[in-house]
Amino acid sequence: MSALAQMKLLISLAQIDGTVADRERNYIINIGRANNVYPDEVKPLFDKRHDLIVPEDLSDDRKFDYLFSLVQLMKIDERMYKEEIMFCSKIASNLGYDQQVMFELLLHVKAGAMGTDEMSGLKSLVQKYLHH
């Protein structure tokens, strides 16, 4: 999936509660930066609504990274809305996960940085919810 498509989905999630908080905006811009998408390319996307397009050719690692970043973004403003959880569940389902995966993610994903061991443990845990 293109990094720009991922930015659009993250922005769609951030827009659900009506406002995009600074922390959400910075998180999305930093994910863009990590994927070689410059802030100048990301900032105009905040002013638009985006279609939910989830590509079908993602590797298991990319699916995990994608879902993880959505859940982390949802947790970053320290308020979770039912609509955000429903949105993430829908994306999880589109990625090929059983929707029960959301319980594991909501329990284990932290809003801040997570260590390598934590991440690989979570990835293993989440893997069992992925249909092949």
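How much space lies in the largest pocket? About 160 Å³ in this predicted model.

**View 1. Lining of the largest pocket, with residues from H2 and H4.** The lining consists of Gln6, Tyr27, Ile31, Ala34, Asn35, Arg62, Asp65, Phe68, Ser69 and Met119. By class, 5 of these residues are nonpolar, 3 polar and 2 charged. Helix H2 (22-34) and H4 each supply at least two lining residues. H4 gives the most, with 4 residues.

**View 2. Helix H1 packed on helix H4.** H1 spans residues 3-15, and H4 spans residues 60-76. Their axes lie 10 Å apart, at an angle of about 30°. Angles under 35 degrees count as roughly parallel, so H1 and H4 are roughly parallel to each other. The crossing of this pair is right-handed. H1 contributes Gln6, Leu9, Leu10, Leu13 and Ala14 to the contact. H4 meets them with Arg62, Tyr66, Ser69, Leu70, Leu73 and Met74. The contact of H1 with H4 has 8 nonpolar, 2 polar and 1 charged residues. Gln6 of H1 and both Arg62 and Ser69 of H4 take part in this contact; Gln6, Arg62 and Ser69 also line the largest pocket.

**View 3. Helix H4 against helix H6.** H6 covers residues 101-108. The axes of H4 and H6 come within 10 Å and cross at roughly 55°. The two helices are therefore oblique to each other. H4 passes H6 in a right-handed crossing. On the H4 side, the contact is made by Leu67, Val71, Met74 and Lys75. On the H6 side, Val101, Met102, Leu105 and Leu106 make the contact. By class, this contact has 7 nonpolar residues, no polar ones and 1 charged. Met74 of H4 belongs to this contact and also to the contact with H1.

**View 4. Helix H4 against helix H7.** H7 runs over residues 116-127. H4 and H7 pack at an angle of about 105°, with axes 11 Å apart. That angle makes H4 roughly perpendicular to H7. Asp60, Asp61, Phe64, Asp65 and Phe68 of H4 form one side of the contact. Met119, Leu122, Lys123, Val126 and Gln127 of H7 form the other. These residues divide into 5 nonpolar, 1 polar and 4 charged. Asp65 and Phe68 of H4 and Met119 of H7 join this contact; Asp65, Phe68 and Met119 are also in the lining of the largest pocket.

How values were computed:
Residues numbered from 1 in each chain as written. Predicted model: local features only at pLDDT ≥ 70, side-chain atom pairs only at ≥ 80, totals over all residues. Heavy atoms only, no water. Axes fitted to C-alpha atoms, helices over the stretch in contact; angles between N-to-C directions. Parallel < 35°, antiparallel > 145°, perpendicular 65-115°, else oblique. Left-handed = near helix turned anticlockwise from the far one by under 90°. Contact = heavy atoms within 4.5 Å. Nonpolar A, V, L, I, M, F, W, Y, C, P; charged D, E, K, R; others polar. 1 Å grid on protein atoms, 1.4 Å probe; cavity = no way out; pocket = protein on both sides within 12 Å on 5 of 7 lines; lining within 4 Å. Points joined across faces, edges and corners; volume = space filled by probe spheres on them.
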